[in-house]
Every structure is written in C-alpha cells, then in structure tokens.
Amino acid sequence: MRDFAGRVAFITGGASGAGFGQALVFGRAGARIAIADVRRDALDAAVDRLTEAGIDARGFALDITDRAAYARTADAVEEHFGDPVTLLFNTAGVNGFGPIETMTYDDFDWIMGVNLGGVINGMQTFVPRMIAAGRGGHVTSVASVGGFEGSRMTGPYSMAKAGVINLMESYAQALPAHGIGVSVLCPASIRSNISDAHLTRTQPAATGVLTDDEFVGALREVYSHGMDPEHLALHLKRGIERDQLYVIPYPEVRDDLEGTFGRILDALPDSDDLDPAGAASRERALAEFRAAARRRADNAERTI
Ligand SMILES: NC(=O)c1ccc[n+]([C@@H]2O[C@H](COP(=O)([O-])OP(=O)(O)OC[C@H]3O[C@@H](n4cnc5c(N)ncnc54)[C@H](O)[C@@H]3O)[C@@H](O)[C@H]2O)c1
C-alpha cells in the first residue's frame, strides 16, 4: 500500500515515542491523524506539535484496555473526520521488568492487558469496520524483538509481545483478501519515554516490577541510545509500501535471532525413529486438515 494521502490513521500511544513518530511520518504523507493515549496532557502537547507541522491531527483520550471506551472512541474518530479509519497502528505499550519469579497477578494483568489486550481490542474494534468500509487499508501492531525469546527479567512483557507477533501472523493470512495489509513492527530499542511506563499504572496491590531510581535510570540510559522514533516510522512506512509482514529494522539483532531460531530447529529430530509409520500418518492427516481449513476459509471470505 502506498496511498496514505487522505486516509484516516488511528495511532494508539500517539502522544509519545514510536506512536508520535508514526503520527509525524504518516501525517506528512498526507494521512489525517487520530492519536489516542491514556495521558491527556501529553496528548494535547503532541497534537499542538503535529498541527504546527501542518498535519491534520486530533487527540483522543483512551485507555486501550477499556473495550467500551475503545468503541466509543472509534465512533468519535469517524464522526470527526467523516471517514472510516483505514490505517490502524496498535502502538501503545508499557514495559514492566523485574525477576520473573517475583511477578504478581497484578503485574501480569497490567502488562498483558495493555500490550496484548490493547492490540486485541484495536483489532476487534477496527477490523470489522475496515472490512465493512471496503476501502482496503493497513494494520500495524508494534511488538518487540523481545517477543521472539523469553528472558528472566522481562517475562510478562516478552510473552505479551510474542502473542502480538503470533496474532499478526494470523491476520496476515486473512486480511489481504479484503485489501487490508498487515505488518508487525519489532523494535529493539527506541528513544522514547517507556522507562516511565509505570507512572501510567494505577497503584498495584503487589508488584515485582522494578521502579527504583537505579533501575529506571539504567533503562533511561539504554533507551536514550535507541532508534529515533521518526526513523523507525520511516522504516515502517517503507515496510508497509513493500507489503512486509515483519518490519525489524535492527541489523544488530541478527545473531540473537539466529541463535533463538537455531535452538528451536535443533530440537527437531530428522525422523521419528520410534514410530515412522505414525509420523507418515500424522503428516497425511495434517495435510488433509489444512486443505479442508483452507477451503472453509475461502468460502467464508466469499460470504463476507
Ligand atoms: N522503547 C523501546 O525500546 C521499545 C522496544 C521494543 C518495543 N517497544 C514498543 O514500542 C511501543 C511504543 O513504545 P515507546 O517506546 O514509544 O514508549 P512511550 O512510553 O514513549 O510511548 C507509549 C505511549 O503509550 C501510552 N500508553 C500506555 N498505556 C496506555 C493505555 N493503556 N492506553 C493508551 N495509551 C497508553 C503512553 O502514555 C505513551 O504515550 C510499545 O508497544 C513498546 O512496547 C519499545
């Protein structure tokens, strides 16, 4: 997809970091920009900056974990711009790091709720509207390279991002039939405010998320060397123009990813030496099931 001009873009987390970079880049490409964020003050400042840059932008206060509010916001965006949203960016996210064995239910609920639940809510709200509008479009969700591998200090975050990557794989098979492209952006590090994500959280009863000055300071230092959000959005725009599912513009993570996927492939034996006949029968049954599922999906598309 290359025709961004005139389309309405909805960007969650658009008041800061990666989302704000997307608002600038796609706004300059002629899209009309709705930014949604839970931080109202940051939202107002971001809209002022976008407007100064000559971009048609409007801010919408939204907590993406609130499904009813999400639907109301979608209505308000369509009413304001007089057109349906055909560019969706599920960008809002929070990090909450700490030893996995100290993470609490509250921590899991918060991190999964925003990072995965928020993406699900975005897809549930907008995909049916985009299909019904019949104008095609593009959906991007922001995951993380952290979603390719778990880690003892980032457990719930990595798990949520793995879910986002996997979810976009599924949509990428389904939505092109409706003229809607799908991308999943997997950043390594971004120059953003995410080290302060805990400040957007309502006070948890118990938490294992580290928020002491030393730890947050160390995170801030790492992110201060992250990719410029505007550059990241330019990489994303190029990925969308090339119809890429995966956009991972960080050459420095190649060795890590090769290690991760190599370890997974290494777990596969060359053959099932205990039951070769069973393996052949499993393979046949799976191929038949896949063919039937494909026919079912094709029929469903024809009837939508
Ligand atoms: N910063 C990094 O190094 C990095 C690396 C990999 C992935 N990411 C991902 O990039 C995305 C953007 O993060 P960023 O680094 O630009 O951080 P950021 O904190 O600068 O921006 C995220 C925005 O999301 C908003 N937000 C948080 N919770 C929300 C909610 N419940 N509803 C609505 N808005 C909410 C915040 O207010 C903030 O403005 C996130 O999904 C993050 O996980 C970031």
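Mentor: Let us begin with a definition: a residue is called buried when its relative accessible area is under 20%, and exposed when that area is over 50%. Please keep in mind that this is a predicted model.

Trainee: Where does threonine 154 lie, and is threonine 154 buried or exposed?

Mentor: Threonine 154 belongs to the loop between strand 5 (137–142) and helix 5. Its relative accessible area is 15%, so threonine 154 is buried. When neighbours within four places in sequence are left aside, threonine 154 is in contact with Phe97 and Gly98.

Trainee: Which element holds threonine 86, and which residues is threonine 86 in contact with, apart from its neighbours within four places in sequence?

Mentor: Threonine 86 is part of strand 4 (residues 85–90). With a relative accessible area of 3%, threonine 86 is buried. Leaving aside neighbours within four places in sequence, its contacts are Arg7, Val8, Met130, Arg135, Gly136, Gly137 and His138. As for spacing, threonine 86 and valine 139 are 53 residues apart in sequence, while their C-alpha atoms are 8.0 Å apart in space.

Trainee: What can be said of alanine 34 in strand 2?

Mentor: Alanine 34 sits in strand 2 (residues 32–37) and counts as buried, because its relative accessibility is 0%. Not counting residues up to four places away in sequence, alanine 34 touches Ala9, Phe10, Ile11, Arg58, Phe60, Val77 and Phe81. Between the C-alpha atoms of alanine 34 and proline 84 there are 11 Å, and the two residues are 50 residues apart along the chain.

Trainee: How is a pair of aromatic rings described, and how many aromatic pairs does the structure hold?

Mentor: Such a pair is described by the distance of the ring centres and the angle of the planes. The structure holds eight aromatic pairs. One of them is formed by phenylalanine 4 and phenylalanine 26, with 5.2 Å from centre to centre and 75 degrees between the planes; this pair is edge-to-face. The pair links distant parts of the chain, with phenylalanine 4 in the segment before strand 1 (8–12) and phenylalanine 26 in helix 1 (residues 17–28), 22 residues apart. Phenylalanine 4 has a relative accessible area of 2% and is therefore buried; phenylalanine 26, at 0%, is buried as well.

Another aromatic pair, also edge-to-face, consists of tyrosine 70 and phenylalanine 126, at 6.1 Å centre to centre and with 75 degrees between the planes. Here too distant parts of the chain are linked: tyrosine 70 is in helix 3 (residues 67–81) and phenylalanine 126 in helix 4 (residues 105–133), 56 residues apart. Both tyrosine 70 and phenylalanine 126 are buried.

Trainee: Which residues form one aromatic cluster?

Mentor: The cluster is made up of Phe4, Phe26 and Phe89.

Trainee: How do the axes of helix 1 and helix 7 cross?

Mentor: The axes of helix 1 and helix 7 (residues 229–241) come within 8 Å and cross at roughly 60 degrees. Helix 1 and helix 7 are therefore oblique to each other, and helix 1 passes helix 7 in a right-handed crossing. The contact includes Gly17, Ala18 and Phe26 of helix 1, together with Pro229, Leu232 and Ile240 of helix 7. Sorted by class, this contact of helix 1 with helix 7 has ten nonpolar, three polar and three charged residues.

Trainee: At what angle do the axes of helix 4 and helix 5 cross?

Mentor: These axes, of helix 4 and helix 5 (residues 155–174), cross at roughly 15 degrees and come within 8 Å. Helix 4 and helix 5 are therefore roughly parallel to each other. The crossing of helix 4 past helix 5 is right-handed. Among the residues in contact are Phe108, Ile111 and Met123 of helix 4 and Tyr157, Leu167 and Tyr171 of helix 5. By class, the contact of helix 4 with helix 5 has 16 nonpolar, three polar and one charged residues.

Note on methods: Residues are numbered from 1 along each chain as its sequence is written. This is a predicted model: local features need pLDDT of at least 70, side-chain atom pairs count only at pLDDT 80 or more; totals for chains, interfaces and linings use all residues. Side-chain values use heavy atoms; hydrogens and water are left out. Rings of Phe, Tyr and Trp (its six-membered ring) pair if their centres lie within 6.5 Å; planes under 30 degrees apart count as stacked, over 60 as edge-to-face and the rest as tilted. Helices (H or I, at least four residues) and strands (E, at least two) are DSSP runs, numbered from the N terminus. Buried means under 20% relative accessible area, exposed over 50%, partly exposed in between (1.4 Å probe, protein chains only). Axes are lines fitted to C-alpha atoms, for helices over the stretch in contact, and angles run from 0 to 180 degrees between N-to-C directions. Angles under 35 degrees count as roughly parallel, over 145 as roughly antiparallel, 65 to 115 as roughly perpendicular and the rest as oblique. A crossing is left-handed if the near helix is turned anticlockwise from the far one by less than a right angle, and right-handed if clockwise. Contact means heavy atoms within 4.5 Å. Ala, Val, Leu, Ile, Met, Phe, Trp, Tyr, Cys and Pro count as nonpolar, Asp, Glu, Lys and Arg as charged, and the others, Gly among them, as polar.
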